[in-house]
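Please view the sequence and the structure together before reading on.

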Amino acid sequence: MKTALVTGGAKGIGLAISKELVVLGWNVVITGRDATAIDSAVAGLSIGPGKAVGKIMDVRDRSSIDSVIAEIRNEFTSLDSLINCAGVIIRDESEVLSEADWNTVIDTDLSGVFKCSQAAFADLERSKGATIVNVGSIAGSVGIAGRAGYTAAKAGLEGLTRTLGLEWANRDIRVNAVAPGWTRTEMVAGGIKDGRLSEAALTARIPQQRLAEPSEIAKVVLFLMSADSSYITGQTITVDGGITINGNT
Ligand SMILES: NC(=O)c1ccc[n+]([C@@H]2O[C@H](COP(=O)([O-])OP(=O)(O)OC[C@H]3O[C@@H](n4cnc5c(N)ncnc54)[C@H](O)[C@@H]3O)[C@@H](O)[C@H]2O)c1
């Protein structure tokens, strides 16, 4: 049975990915910072045939990442896939965005992905046909006002995906990313709640006229983990209902 480590796996897109994996018979190690959320996610994943376990891990903290990788080495036969899904967004105009908020977003959404990938490398290399899938964002390829840290981190993530894909192609590790558009999770719900986002205004700009469901992002992550994508590496696949191809004003 194969094993995947899903960062930020207790909620939203990470939880949807974990569900798909358990149903397909993968062992899934759900990681995050919130023990209550992890416990509740693991309890909801007793749907087999795969097994879900939860572990506390902060993607900004290399020692906590190393501990979890070591535990996976002891508890499972292999580590076959790393899904870098943990992320935060902080919405503020650039002229007032604090250095602390900038650092939080870059440390989580960009440096966290590098740290987890580097920490998992040796174990992934021992697996046959290992994969890393990074969860980026359309913010990696367009500007979004009030999201300086987030757009910079997600654009950086696409560059990191290309370089890790290049460096590790001959080590039998494929590295790809998905770039979701607006997806129905707590991250977007938070923006709607604090009045910075309007679902009606968002929907009006999306050619498919609706937000994505987390499962629609998860399906593409699973494709990038599977042998069906065996000749794809270093790529970012946009899953956004057409918003980034919409040139209409
Ligand atoms: N929802 C969207 O519209 C959308 C669009 C594009 C990209 N994304 C990306 O999808 C990913 C998942 O977001 P989501 O929408 O499911 O939001 P979410 O808030 O539901 O999930 C984010 C998860 O990351 C975890 N996390 C945050 N900081 C962490 C840290 N330092 N260490 C470990 N875990 C941490 C959170 O606890 C949470 O479980 C993020 O990378 C986000 O940028 C989301």
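A residue counts as buried here when its relative accessible area is under 20%, calculated with a 1.4 Å probe. By that criterion, 50% of the 249 residues of the protein chain are buried; the model is a predicted one.

**Fold and dimensions**
- The protein chain holds eight helices and seven strands, and because its radius of gyration of 17 Å is close to the 18 Å that the globule rule gives for 249 residues, it is as compact as a globular protein of that length.
- The C-alpha trace spans about 50 × 40 × 35 Å along its principal axes.
- Of the contacts between residues at least 6 apart in sequence, 73% join residues at least 24 apart.

**Surface and charge**
- The side chains include 24 positive and 28 negative ones, with the centres of the two sets 3 Å apart.

**Nonpolar cores**
- The largest nonpolar core has 31 residues, of which Ile-17, Leu-21, Val-28, Ile-83, Val-178, Val-221 and Met-225 touch the most other members.
- At least two residues of this core come from each of β1 (3-7), α1 (12-23), β2 (27-32), α2 (35-43), β5 (130-135) and α8 (214-225), and the largest share, seven residues, is supplied by α8.
- Leaving aside residues up to four places away in sequence, Ile-83 touches Leu-5, Val-6, Thr-7, Ile-17, Val-133, Val-221 and Met-225.
- Another core, of 27 residues, lies apart from the largest one and has Ala-86, Ala-119, Leu-160 and Ile-173 among its members.

Notes
Residues are numbered from 1 along each chain as its sequence is written. This is a predicted model: local features need pLDDT of at least 70, side-chain atom pairs count only at pLDDT 80 or more; totals for chains, interfaces and linings use all residues. Side-chain values use heavy atoms; hydrogens and water are left out. Helices (H or I, at least four residues) and strands (E, at least two) are DSSP runs, numbered from the N terminus. The radius of gyration is taken over C-alpha atoms; the globule rule is 2.2 Å times the number of residues to the power 0.38. Contact means heavy atoms within 4.5 Å. Lys and Arg count as positive and Asp and Glu as negative; His and the chain ends are not counted. The place of a charge is taken as NZ of Lys, CZ of Arg, CG of Asp or CD of Glu. A nonpolar core is a set of buried Ala, Val, Leu, Ile, Met, Phe, Trp, Tyr and Cys residues joined through side-chain atoms within 4.5 Å.
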